[in-house]
Amino acid sequence: MTTPLTLHPERMALHNEVHARPPEALESNLAISQVVMVCSAAEREASRAHIAALARDHHLAQPDAGSTHARLDFGLYRLRWELHTEFVTWTFTRPLKGTETGERVPEVATSTVPQHFLAQLPGKCLAAMHLWVLPIKGFSTDSVLQNILHEETLVASTVADGYGEVYTDFALHADGYSRMLLLAGGMTPRRLGRLVQNLLEIETYRMAALLGLPAARAASTVLGSAERELAELAESIRSATRESEPELLDRLTRLAGQVESQHAATHSRFSASAAYFELVDKRIQDIGESRLAGMQTIGEFMDRRLTPARSTCAWAARRQDALSQRVSRISNLLRTRVEIEQQQSSQALLAAQITRQDTQLKLQSTVEGLSVAAISYYIVGLVTYLAKGAEHVGWPVAPEMTAAIAIPFVAGGVWWSLRRMHHSLFQKGG
């Protein structure tokens with residue numbers, strides 16, 4: 001009998017991650033429409049409620065509260081809903097009849113979807129594309145050039161090791177959707193489903209990656225101003241006086257706050273864009289494309305058109321990191337300089353205090369000498385009066401001689417008493 005194990009709370013979710021969002025098995029003669037909505041946290045939950053309401057209206061099972069994807073069949077069309085970190089994808093699929101494939105522009109999948117449902121999708125639309133999957137046999141590419149796509153921006157290649165051909169123009173058409181045509185033949189439904197999913201994700205991740213471009217352009221203006229100010233501060237620090245250093249340190253601190261605020265606001269965006277660019281590269285690699293005669297491939301188009309945007313985002317991220325490090329180095333340099341000057345000022349102040357203490361000790365010694373003399377004078381005066389009184393009762397020594405003899409003893413005793421008193425006070429203070 002197997003001993004039961006204590007399971008990690010995330011074991012099932014982690015184990016099933018390899019099965020998350022599996023591609024759907026597909027056949028040819030399909031119209032597919034995908035809409036990508038960028039959503040906040042609240043809009044992500046609203047999208048879950050939106051699809052749940054649609055399922056409820058059609059008496060279908062609703063998605064679980066923790067599910068991140070769902071597939072629903074509404075008869076006229078199928079819906080695939082996927083919840084991602086930043087966006088939600090809505091993929092609508094419907095079969096095409098033979099008569100529809102010969103039309104000037106084949107019917108789109110969203111034509112059978114309730115329009116009020118589409119209009120109320122939570123979030124903001126980032127990408128929208130119509131994709132038609134048609135059989136490669138008996139299809140004339142002239143219709144692609146004339147009816148569906150723009151010939152002047154046409155991009156095409158063979159995919160899936162030559163079992164399919166894909167055509168697109170990466171343009172927004174009158175309905176706000178981009179368009180793509182896939183001619184497939186000799187592929188299993190599973191392989192065709194993976195190919196369609198990769199093609200849709202190329203467009204999705206391309207647009208998601210480009211979200212970093214506006215942030216990079218906006219950051220360039222802020223970074224340029226900050227770099228100029230930092231250069232001015234560095235030059236001012238080089239020739240700064242002690243009086244001007246606090247003001248320079250204050251300016252540098254405010255500049256550091258501005259740079260770090262900008263870095264915090266855009267770092268996650270640039271990191272996400274870099275990850276999305278890598279996903280685009282991976283999906284292009286996965287479709288296994290090769291050149292069609294006289295046509296530019298998707299990979300070549302992406303490499304040529306996305307490289308400037310990718311470089312801009314990467315350069316903005318590196319520029320922010322470099323500027324942050326430079327500000328930190330100059331701040332540390334200025335603070336070190338201020339601390340050294342403060343230490344020098346403290347040393348000078350300490351030396352002045354020591355000098356004053358030495359002077360005070362000398363004055364104290366002088367005062368002590370005067371004090372010994374004054375106290376001795378008063379004590380000897382008392383001895384003189386005492387000797388005069390004792391003379392009447394037979395004291396044999398004259399009062400003046402008695403006072404003269406007492407002077408050294410009185411002075412020595414007073415001096416010794418003061419030294420003992422100082423010694424006792426210093427021991428208590430220590």
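Four elements, β1 (30-38), β3 (78-83), β4 (87-95) and α6 (189-209), each supply at least two residues to the lining of the largest cavity.

A word on terms. This is a predicted model, in which local features need pLDDT of at least 70 and side-chain atom pairs count only at pLDDT 80 or more, while totals for chains, interfaces and linings use all residues. Residues are numbered from 1 along each chain as its sequence is written, and side-chain values use heavy atoms, with hydrogens and water left out. Helices (H or I, at least four residues) and strands (E, at least two) are DSSP runs, numbered from the N terminus. A cavity is a set of points, on a 1 Å grid over the protein atoms alone, where a 1.4 Å probe fits but cannot get out, and lining residues have an atom within 4 Å of a point. Grid points are joined across faces, edges and corners, and a volume is the space filled by probe spheres set on the points.

The structure holds 2 cavities of 30 Å³ or more. The largest has a volume of about 240 Å³. It is lined by 18 residues, and the closest to its centre are Gln 34, Arg 80, Thr 91, Gln 197 and Leu 200. Which element gives the most to this lining? That is α6, with 7 residues. By class, the lining has 6 nonpolar, 8 polar and 4 charged residues. Here Ala, Val, Leu, Ile, Met, Phe, Trp, Tyr, Cys and Pro count as nonpolar, Asp, Glu, Lys and Arg as charged, and the others, Gly among them, as polar.

Now the second largest cavity, with about 30 Å³ of space. Its lining consists of Gln 34, Val 36, Ala 127, Ala 128, Met 129, Leu 200, Glu 203 and Thr 204. Two or more of these residues come from each of β1, β5 (124-135) and α6. They divide into 5 nonpolar, 2 polar and 1 charged.

Next, the aromatic rings. A search of the whole structure finds 6 aromatic pairs. Rings of Phe, Tyr and Trp (its six-membered ring) pair if their centres lie within 6.5 Å; planes under 30 degrees apart count as stacked, over 60 as edge-to-face and the rest as tilted. Why is the pair of Phe 74 and Tyr 77 stacked? The ring centres are 5.0 Å apart and the planes stand at 25°, so the pair falls in that class. Both residues are buried, meaning under 20% relative accessible area, with exposed over 50% and partly exposed in between (1.4 Å probe, protein chains only). Phe 74, Tyr 77 and Phe 92 form one aromatic cluster.

Phe 170 and Phe 301 are also stacked, at 4.4 Å centre to centre and 5° between the planes. This pair links distant parts of the chain, 131 residues apart: Phe 170 is in the loop between β7 (164-168) and β8 (178-184), and Phe 301 is in helix α9 (residues 298-391). Phe 170 has a relative accessible area of 17%, so it counts as buried. Phe 301, at 9%, is buried as well.

Pro 106 lies between α3 (98-101) and α4 (115-119) and is buried, with a relative accessible area of 4%. Pro 106 and Leu 30 are 76 residues apart in sequence and 9.8 Å apart in space, C-alpha to C-alpha.

Last, the whole chain. The protein chain has 10 helices and 9 strands, and of its 430 residues, 39% count as buried.

Definitions and conventions
On a 1 Å grid over the protein atoms alone, a cavity is a set of points where a 1.4 Å probe fits but cannot get out, and a pocket is an open set with protein on both sides within 12 Å along at least five of seven lines; lining residues have an atom within 4 Å of a point.
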